[in-house]
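Subject: Structure handover

Hello,

Here is the structure I promised to pass on. Please open it first, then read my notes below.

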Amino acid sequence: MTAHGIPDDPQFATESEREVWQRLLKQGHDDWTVLANVRLTDEKKDHELDVIVLMPDVGVVVVEVKGGDLRVEDGEWVVGSGKGRRVVHPVDQGRDGKYALRAYMERDPRWKGSSRTRVRFGHAIAAPYTHLSDDFETPDCPRWMISGCGDQADLAGRLWDVAARQEGGHRVPTHDDCELIVEILKGRNLPQRTMLAESDEREARADRLTIEQATILGVTRLMNRVEVRGGAGSGKTVLALTQAKELTRGRHGMPAQRVALLCYSVGLASWFKRYMGTVDRKHRPAFVGTFEELAAYLGVSEFGGRDDTDFWENRLPAEMTERVGDLPHGKRFDAVVVDEAQDFADGWWTPIMRCLHDEDHGGVYVYSDENQRVFARFGRPPVPLVPLVLDTCLRNTRQILTSFAPLAPMRMYAGGGDGPEVTYVEASAEDALDVADDQIDPLLEEGWRPEDVALLTTGARHPEQVALQESEGQEGYWRTFWDKDCVFYGHVLGCKGLERRVVVLCVNERMPRERSRERLYVGLSRATDKLVVVGPPDVIAEMGGHEVAKRLGLS
């Protein structure tokens, strides 16, 4: 039989405390609880209780442990000799600790609310290295209350007697009493480490520039034609924003520059503008927006339909190139920063380069992830770029990174911490939207806020998205991305570069289609903290391959 110890592996200040702890665990009954190193603070002082022994049907004993050569000289308890001699107060410490423990316990609402009466308490001294005669006694410490080296073989039995001798007039504690004392000593109404707190911590860590990212920014001070490559969650967008601000305000003796910050996605551009709206005007780029908005900046007023590929990839860039010639010198840029550059068509780079004050030497900073190329465009800037690599995933939890890592362009290292496991819910392509909708309420009941949650589709758009885009237009629809009262409904194609703490990814397709692997990669990597995947297992497996299917638990 052995007693139960709390904590499992306590750290002791002295070897004598360790010996007493281990001896009581070995000698105690299996329903005893032995607590080590309990600290209590009341209005008068701080108390350190070396050992507390909870004995159902016996009592509660606080044990003060004293090592070394404990003795009494001139009415004082002392240890050591010569210059090492010091006065100690073992009886006072044990007694004060007993009263502090009882007072703390009895004022707890859990004890008072259950109408429990006072239970037996005692205090004792354990001096495992001190030789005591059988007739040892002081006014405040009878022999039965102190256990020397010759008493250690029956230490548990001696503590059994202490409770009855000191407070025989009170009731013995029950098993429930002892369990409640343990709970009370854990504290009450403690701040809980919630999933939102953990998510906040991960977000704060991801928003800080890492050593790797800071190094890349440092390198780009010496060169102005760079391509930064990295997988999903590697911090490319944060780095692009930081670089655009630093170029705008000037850095390390360099002059301030007129900068354009570009991307393809309306949603990402909306986020760029929202973010830059919080930045000092002196640090804001001269232009922030999409390629289409750059065309409007150059004076283009008529645009083709979304399905008019020839317009977007040929006629529009040709018209922009013509109009650049009329762009005043003060409207041109010293540098362009392009995020999600893999979505830019080859012909787009000509008007972009022409917008520079110095087309031959102006700054070109490109951020890309080739495996997120969800459109059939294969453009590259018509100038040589120095490649730099980000290979640490900062944004997503380790569990989410594991799900999309086989789809990333390079091996990614986990830097986002741990979170909930990825959940897969099987559904046919026809039922996937309804099943995905059913996942929202349980997530909110878990404690996630509406603003934390997004439902993204890979196939047809969700009816909520369709309705909002028809009623609010594109700009109004993307404003809802920051609505604190609503879950966001979107499509993976529009959410590149964006993120949500929780994503329900709805694979609502009967079969893979063009660039479906890249779409799945984007969808899996949009969640920072919790990911729920809904859809047909065979389609998902064909889109992502065997390794992704295995990691999602499909095979």
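Start with the contacts (heavy atoms within 4.5 Å). In the protein chain, 71% of the contacts with a separation of 6 or more join residues 24 or more positions apart.

A word on the source. This is a predicted model, where local features need pLDDT of at least 70 and side-chain atom pairs count only at pLDDT 80 or more, while totals for chains, interfaces and linings use all residues. Residues are numbered from 1 along each chain as its sequence is written, and side-chain values use heavy atoms, without hydrogens and water.

Next, the overall form. The radius of gyration, taken over C-alpha atoms, is 35 Å for the protein chain. A compact globule of 555 residues would come near 24 Å, by the rule of 2.2 Å times the number of residues to the power 0.38. Along the principal axes, the C-alpha atoms fill a box of roughly 110 × 60 × 40 Å.

The protein chain holds 19 helices and 22 strands. These are DSSP runs numbered from the N terminus: helices are H or I with at least four residues, strands E with at least two.

Of the 555 residues, 51% are buried. Buried means under 20% relative accessible area, exposed over 50%, and partly exposed in between (1.4 Å probe, protein chains only).

E319 is partly exposed, because its relative accessible area is 26%. From E319 to P128 is 93 Å, C-alpha to C-alpha, and 191 residues in sequence.

Best wishes
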